[in-house]
Amino acid sequence: MADAPTVLPALPARLDVPEPVIEIVRTLEEAGHAAWCVGGALRDAVLRVPHADFDVATSAPPDQVRKLFRRTVPVGERFGTVGVLDRGGVLHEVTTFRHDVRTDGRHAEVEFGASLEEDLARRDFTINALAHHPLTHEWRDPFHGADDLARGIVRAVGEPADRIREDYLRLLRAIRFAARFDFAIDPSTWTAMRELAPGLGRLSAERVRDEWFKGLETARTLDLLVRLWHASGAAAVWLPELNPGPIPSSADTAPRDAVLLTAVLTNSPAAVLRRLKASNAEISRAEVLARVPAGPPPGDERAVRRWLSGAAAATDDALRAEQLRTGKPAGWLADVERIRERGDAVRRGDLAINGGDLLALGLTGPAVGRVLDRLLDRTLDDPALNRRDTLLALARELA
Ligand code: ATP
Ligand code: MG
């Protein structure tokens with residue numbers, strides 16, 4: 001859901017770090033290694049936004065981390081991340097201090113043996129480059145992330161253009177964080193983003209999709225998210241079908257469903273989802289939704305039953321899409337509710353007779369389907385027909 005930073009605090013003297021994370025830091029330190037809390041949890045704690053996972057960064061190389069804890073799982077060993085399971089079976093990520101030695105805009109080759117300062121320097125934004133020590137309560141903030149959190153600014157660590165060229169995903173991450181917290185993007189970071197956006201094509205579709213979906217799920221204002229995708233030039237590369245907006249602010253408070261939002265905010269959603277390598281289920285959900293007939297006139301129950309019949313499994317998606325588009329409930333929602341409450345037949349399966357009954361009447365093969373469709377058609381106009389004896393009599397006429 002959208003997060004709402006309202007206070008602009010300095011770094012708090014105390015931080016509520018979960019006990020298992022403190023334990024992990026203690027274990028590493030007692031073995032002679034440095035260990036700090038890092039990453040998004042600190043940013044969110046300063047903004048007083050709940051955040052589940054506190055990442056730990058340590059000078060201990062991955063094999064040492066594995067030896068020090070009873071239960072570990074490989075998470076991203078190539079990048080120096082070991083998952084440590086606490087007593088409750090909860091996984092905590094412990095990552096060795098590292099710096100990037102080579103980058104190609106998509107991946108980084110990392111080298112261990114870095115200092116905390118070097119590790120913070122390879123992070124993307126100043127607001128994500130804080131470190132906190134849960135035993136001494138010290139902070140490290142070499143890039144003044146606290147000031148940017150207080151002012152509400154997304155600013156690259158170091159030279160913005162260099163940092164984006166190392167990993168173009170950072171451009172999309174800047175948009176996501178700005179929309180999530182309603183932050184401004186620092187002008188020189190923004191200039192680099194606009195200049196480099198045409199290079200976004202080198203990212204994999206999967207990483208772009210994850211960013212786009214996360215953005216839709218977490219943006220405080222969807223309108224800002226969409227405006228930043230357009231204004232940066234990111235939409236031109238990956239989402240040319242993205243509508244310009246504006247997006248009604250009521251969409252911000254509706255439950256966030258990335259696939260439905262993609263369907264509402266873009267032309268030809270299925271093409272967009274296919275490009276982003278969404279799952280087949282997600283793509284077909286968008287396709288089915290696109291085939292839903294236009295909304296019926298409110299108050300015309302016959303028309304609404306026909307609409308329900310056509311919308312079928314996409315009915316609820318279609319109603320929610322209408323609300324997202326217009327900012328108010330579908331005009332025919334009350335009709336839908338009444339029809340559903342009464343249990344009027346809107347599809348073949350709702351009819352009081354089935355194919356077996358028609359076969360028993362002596363109908364064969366394709367005639368069964370044809371007659372059922374005719375019966376449904378009549379029943380959509382007049383729900384009172386949906387009785388076994390009435391339908392059987394009608395079927396005999398139609399056969
Ligand atoms: P959230 O999980 O809420 O989206 P986060 O800040 O925790 O936000 P993660 O993707 O979990 O983001 O990454 C954890 C940390 O790793 C970030 O805070 C940042 O310091 C660093 N990081 C992540 N991705 C990148 C990247 N592409 N380039 C540089 N640093 C990164
Ligand atoms: Mg995270």
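This is a predicted model: local features need pLDDT of at least 70, side-chain atom pairs count only at pLDDT 80 or more; totals for chains, interfaces and linings use all residues.
Trainee: Where do we start? How many strands form the sheet, and in what order?

Mentor: Seven strands form an open sheet. The order is 3-4-5-2-1-8-9, and the pairing is mixed.

Trainee: Which are the edge strands?

Mentor: Strand 3, residues 72–76, and strand 9, residues 139–140. Each pairs on one side only.

Trainee: OK, strand 1. Which way do Ala35, Trp36, Cys37 and Val38 point?

Mentor: Ala35 and Cys37 point one way from strand 1. Trp36 and Val38 point the other way. In a regular strand, side chains alternate between the two faces of the sheet.

Trainee: And are those four buried or exposed?

Mentor: All are buried.

Trainee: In what sense do strand 1 and strand 2 pair?

Mentor: Antiparallel, over four bridges. Strand 2 covers residues 55–58. Trp36 stands opposite Ala57 in strand 2.

Trainee: How many bridges link strand 1 and strand 8?

Mentor: Two, again in the antiparallel sense. Look at Val38: its bridge partner in strand 8 is Ala131.

Trainee: What about strand 8 and strand 9?

Mentor: Strand 8, residues 131–132, pairs with strand 9 in the antiparallel sense over two bridges. His132 has Trp139 of strand 9 as its bridge partner.

Trainee: New topic. Where is Arg122 found?

Mentor: In the loop between helix 4, residues 116–121, and strand 8.

Trainee: Why is Arg122 called buried?

Mentor: Because its relative accessible area is 15%, and buried means under 20%.

Trainee: Which residues does Arg122 touch?

Mentor: Leaving out residues up to four places away in sequence, Arg122 touches Arg98, His99, Asp100, Arg163 and Arg170.

Trainee: Now the ligand. How many residues surround ligand 1?

Mentor: 14 residues surround ligand 1. The closest are Arg43, Asn128, Asp167, Arg170 and Arg176.

Trainee: Which part of Asp124 comes in, backbone or side chain?

Mentor: Backbone. A polar backbone atom of Asp124 is 3.2 Å from a nitrogen atom of ligand 1.

Trainee: Last one. How much of ligand 1 does the protein cover?

Mentor: The protein covers 78% of the 580 Å² of accessible area that ligand 1 has on its own.

Methods. Residues are numbered from 1 along each chain as its sequence is written. Chains are lettered from A and ligands numbered from 1 in the order in which they are written. Side-chain values use heavy atoms; hydrogens and water are left out. Two strands pair if DSSP finds at least two bridges between them. Buried means under 20% relative accessible area, exposed over 50%, partly exposed in between (1.4 Å probe, protein chains only). Contact means heavy atoms within 4.5 Å. A residue is near a molecule or strand if one of its heavy atoms lies within 4 Å of it. A polar contact is a pair of N or O atoms within 3.5 Å; within protein, one must be able to donate a hydrogen and the other to accept it, and residues adjacent in sequence count only if both atoms are side-chain atoms. Accessible areas come from the Shrake-Rupley method with a 1.4 Å probe; for residues, only the protein chains shown count as cover.
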